Amino acid sequence: MTTQPKKARVSTTVNGQPVDVLVAPYQSLLEMLREVLGLTGTKEGCNDGNCGACTVSLDGRIVDSCLVLGAEADGKRVDTIEGMARPEGLHPLQQAFLEEAALQCGICTPGFLVAARALLEREPHPSEERIRLWLAGNLCRCTGYDKIVGAVRKAAALDGAGNGRAAG
Amino acid sequence: MHDFELHAPDSIHEAVEILAEHGGSTRVLAGGTALTTMVKQSLVRPDHIVSLHRVPGWSHVARLGPEINIGMLATHRAIETSPLIREHAPLLADTYAQVATVRIRSMATVGGGIAHGDPAQDPLPTLLALNARVRLLSATGERQVPVGDLFRDFFDTDIGPDELLIEVQVPAQPHDLEGVYLKFLPRSEDDYATVGVAALARVERGRFQEARVALGAVGPVPLRATAVEQALQGRKADAATVRKAAELVGDLVDPVDDARGSADYKRDMAVVFTRRALEQVAGIPR
């Protein structure tokens, strides 16, 4: 049994890199990523699980990182927006968001991209309805959703957008 | 968030030992979709949190004889996508699929959702209508409680401070018992229900051989509408019978005014959605 009176040691894998950090019991995974690891690509919106701006992938499942304690990521795999682009260029979803002008202020964009990637990993060619249902937990207050859905459809039409990771 | 001591037991037995020691100042953390928010907003200020993220297992979905056993840590998403649930309790799969968004469903657990005791949660009326039970474990023993006896008030359940909800037992839904969960969402897809109605019915030779109705979000606890069920039992399965029986719901519910509607509106909608749910399961054209 482990009792953690002050800071907990968390051993996790972030975007494929092994990471060891100390987090306070009350620090969320979002705070651990942004404040401890300096990975500020994951955004804080509502901080109560409504807006999806803080969406990350935890062991292959998308979660609102504001609702997960950092300590709970121990032994798990975390994938964030920072791990999305490839050395040779942007991820097809990122490229499609640019080409379709699927963002304005951009604060919701990392959450949309991480969530959309998880969808395409499971369903490489989703219908528009599936895309809208899957992204229902991501809020955008500037663009409206049509361009975002259009960008996901565009990326889905390209091969390899899903990276072939197993469904969770 | 205020500070607390975080415990990460490796088994349910270690978990209940911690609960026995610290009792009322302790909260159990499973999926975290409710508790993390409540702690952040200082709605609860536990001195100890028992996180179950290191407890192996207890996310099973298994069929044992006439019942389906669901481990406390099975996620809403697991219930939504389980072929076993789809076959033996399709209403449960349909209901869990309607909760919030996929990222909440992939975190929120079945056990946590019940223990949270929020009467607006979608699964509760369905679990009531399916006659589900829960297993509660403490350091001194175990007991089983029907879901119908579990809820006492808003966010208040019969689960003791030293008890852990470890499993839900759901009798399989007979194949000839049609079921539906109707969630009235006047605003957005991922909201809590303004009114939620679970209904099950078996109609033979044009009459209700069995009818079950339960509602959520219309009072301090999810409720089983037994008066409606009795008004349907043995009666002709037609629009007039259903309309009259559904009217009884208005006197059973005790909703509050909030952002999802006024109390009067919710009372009216409880009647409307009970009627629609019954029409659907009884195959009555609207």
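In this predicted model, the sulfur of Cys108(A) lies 3.9 Å from the closest cysteine sulfur, that of Cys140(A), which is too far for a bond. A disulfide is defined here as a pair of cysteine sulfur atoms within 2.5 Å. The sulfur of Cys142(A) has its closest cysteine sulfur in Cys105(A), at 3.8 Å, and this separation is likewise too far for a bond. Over all chains, the search of the whole structure finds 0 disulfides. Cys108(A) is buried, with a relative accessible area of 9%, while Cys142(A) is partly exposed at 34%. In these terms, buried means under 20% relative accessible area, exposed means over 50%, and partly exposed lies in between, with a 1.4 Å probe and protein chains only.

Residues are numbered from 1 along each chain as its sequence is written, and chains are lettered from A and ligands numbered from 1 in the order in which they are written. Because the model is predicted, local features need pLDDT of at least 70 and side-chain atom pairs count only at pLDDT 80 or more, whereas totals for chains, interfaces and linings use all residues; side-chain values use heavy atoms, with hydrogens and water left out.

Helix H2 of chain A spans residues 92-99. Helices (H or I, at least four residues) and strands (E, at least two) are DSSP runs, numbered from the N terminus. The buried residues of H2(A) are Pro92(A), Leu93(A), Gln94(A), Ala96(A) and Phe97(A), and they pack against helix H3 (109-122) and helix H5 (146-156) of chain A. Leu98(A), also located in H2(A), is exposed, with a relative accessibility of 53%. Together with Leu90(A) and Leu103(A), Leu98(A) makes a nonpolar surface patch of about 250 Å². Patches consist of residues with over 30% relative accessible area and no salt bridge, like charges being joined within 9 Å and nonpolar side chains (Val, Leu, Ile, Met, Phe, Trp, Tyr) within 5 Å. The accessible areas come from the Shrake-Rupley method with a 1.4 Å probe, and for residues only the protein chains shown count as cover. Just after H2(A), Ala101(A) adopts a positive phi of about 55°.

Elsewhere in chain A, Ser28(A) occupies the loop between strand E3 (17-23) and helix H1 (29-36). Ser28(A) has a relative accessible area of 0% and is therefore buried. Apart from neighbours within four places in sequence, Ser28(A) is in contact (heavy atoms within 4.5 Å) with Ser65(A), Cys66(A), Val68(A), Leu69(A) and Gly70(A).

Across all chains, the search of the whole structure finds 30 salt bridges, each being a side-chain nitrogen of Lys or Arg within 4 Å of a carboxyl oxygen of Asp or Glu. One of them joins Arg132(A) and Asp146(A), whose closest N and O atoms are 2.7 Å apart. This pair links distant parts of the chain, 14 residues apart, with Arg132(A) in helix H4 (residues 128-134) and Asp146(A) in helix H5 of chain A. Arg132(A) is partly exposed at 35% relative accessibility, whereas Asp146(A) is exposed at 58%.

In chain B, the side chains of Asp191(B) and Arg260(B) form a salt bridge with an N to O distance of 3.1 Å. Asp191(B) lies in the loop between strand E11 (178-184) and strand E12 (195-204), and Arg260(B) in the loop between helix H11 (249-252) and helix H12 (263-282), so the pair ties together parts that are 69 residues apart in sequence. Asp191(B) is buried at 13%, and Arg260(B) is partly exposed at 24%. A further salt bridge, at 3.7 Å from N to O, connects Arg275(B) and Glu279(B). These two residues are separated by about one helical turn because they stand 4 residues apart in helix H12 of chain B. Arg275(B) is buried at 17% relative accessibility, and Glu279(B) is buried at 7%. Salt bridges with shared partners also join Arg143(B), Arg152(B), Asp156(B), Asp158(B) and Glu163(B) into one network.

Ala100(B), with phi of about 45°, is found in the loop between helix H5 (90-96) and helix H6 (102-105) of chain B. Arg205(B), with phi near 50°, lies in the loop between E12 and strand E13 (207-216) of chain B and is exposed, with a relative accessible area of 76%.
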